[in-house]
Amino acid sequence: MEKPSKDVSILSRLDDKFYYKGTKQWGKLQKYKTDEELDFSAKFDRITNKDIEANANNQGKKAYKRFVDWGEETGLKMAKFYYESSITGTRKVLSDNVADKVVHNFYYGRGKKLSFKDWPQFQSDLEEYPYFRQYFKNYLEVIKYMLKEKSIQDKDGMEIIEIFMKKLNYGEFRPNFSKVGDILKYDFYGLMGGTQTIKVDLEITEIEKNKYKVKTKMYIGDWYGADWDDLNGKGIKEFAPSLKAFFMLQHYYGCQPFETEIIYQSLDYIIV
């Protein structure tokens with residue numbers, strides 16, 4: 001069980017109203033499937049023909065062979081073209097300013113985390129995006145549950161996930177941005193896909209009996225990397241040449257995957 005952050009503090013003000021300031025975390029960046037096995041989406045070593053035989057389907061083998069047969073220089077050039085500019089390429093599914101940062105970090109960042117701090121575009125998009133609005137509504141219900149239970153200072157990690165999943169019966173304890181229909185309208189799918197990490201800085205003040213002002217700063221993180229499904233083209237990915245190029249850039253040409261992070265802030269009032 002994860003322990004609350006060392007930054008957590010619980011204060012009792014002079015007027016005896018509840019005050020809390022602290023950090024909560026649930027969900028981790030899954031770099032490891034087991035202690036011994038590195039998650040393939042986090043690797044950037046050059047794969048071999050043996051790896052391809054063991055893990056690629058016919059479609060994946062054909063894509064891999066095509067890039068290799070082009071030769072080192074032309075193969076790299078074509079991989080960058082498909083990754084950036086094909087019909088599902090990074091520059092097609094991300095806003096120009098976001099795509100510039102993502103592409104540069106993938107080519108030259110050496111695995112450096114890419115955090116979109118002080119980025120009004122993501123703040124306004126998250127406020128508009130219906131799936132996130134529902135998620136955040138559920139999140140506030142989780143905060144309300146912990147306030148009512150008088151346990152917010154103690155719970156973190158898997159305990160928060162359990163409230164989402166079991167106590168309140170919400171299907172998602174992390175926001176889901178993998179909505180194919182929205183890939184051209186919002187940057188979330190092209191940047192995040194799924195979501196692996198959630199960290200929340202909280203400040204909660206009881207402004208009157210059982211009424212609380214809640215300041216939230218939510219850090220939402222994912223792993224920007226390609227795996228075998230991207231090369232093999234399962235499901236919607238079958239029609240995305242950019243993902244095969246993404247895979248080759250990472251697992252053959254040495255571009256390094258990295259953590260992405262977007263931030264959402266909100267001020268809300270909860271009555272318990």
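Trainee: What covers the buried residues of α6?
Mentor: Several elements do, and this is a predicted model. The cover includes the helices α5 (96-108), α7 (130-149) and α9 (188-191). The strands β3 (114-116) and β6 (258-271) are also among the cover.

Trainee: And which residues of α6 are the buried ones?
Mentor: Helix α6 covers residues 120-128. Its buried residues are Phe-122, Gln-123, Asp-125 and Leu-126.

Trainee: Why would residues a few places apart in a helix point the same way?
Mentor: An α-helix has 3.6 residues a turn, so residues three or four places apart point the same way.

Trainee: How does β4 pair with β5?
Mentor: In the antiparallel sense, over 11 bridges. Strand β4 takes in residues 197-208.

Trainee: What about β5 and β6, in which sense do they pair?
Mentor: Antiparallel, over 14 bridges. Find Lys-213 and look across: its bridge partner in β6 is Tyr-269.

Trainee: Switching topic. Where is Glu-73?
Mentor: Glu-73 is in helix α3, residues 72-85.

Trainee: Buried or exposed?
Mentor: Exposed. Glu-73 has 70% relative accessibility, and the cut-off for exposed is over 50%, so Glu-73 counts as exposed.

Trainee: How far is Glu-73 from Gln-59?
Mentor: They are 14 residues apart in sequence. In space, they are 23 Å apart, C-alpha to C-alpha.

Trainee: Zoom out for me. How many helices and strands does the chain have?
Mentor: The chain has 11 helices and 6 strands. Its C-alpha trace spans about 75 × 40 × 30 Å along the principal axes.

Trainee: What share of the residues counts as buried?
Mentor: Of the 272 residues, 46%. The accessible surface comes to about 14,600 Å², and carbon and sulfur atoms hold 48% of that.

Trainee: Last one. How far apart are the mean positions of the positive and negative charges?
Mentor: They are 1 Å apart. The chain has 45 positive and 42 negative charges.

Definitions and conventions:
Residues numbered from 1 in each chain as written. Predicted model: local features only at pLDDT ≥ 70, side-chain atom pairs only at ≥ 80, totals over all residues. Heavy atoms only, no water. Helix = DSSP H or I, 4+ residues; strand = E, 2+ residues; numbered from the N terminus. Buried < 20%, exposed > 50% of the residue type's maximum accessible area, 1.4 Å probe, protein only. Areas by Shrake-Rupley, 256 points an atom, 1.4 Å probe, with all protein chains shown as cover. Lys, Arg positive; Asp, Glu negative; His and termini not counted. Charge placed at Lys NZ, Arg CZ, Asp CG, Glu CD. Contact = heavy atoms within 4.5 Å. Pairing = 2+ DSSP bridges.
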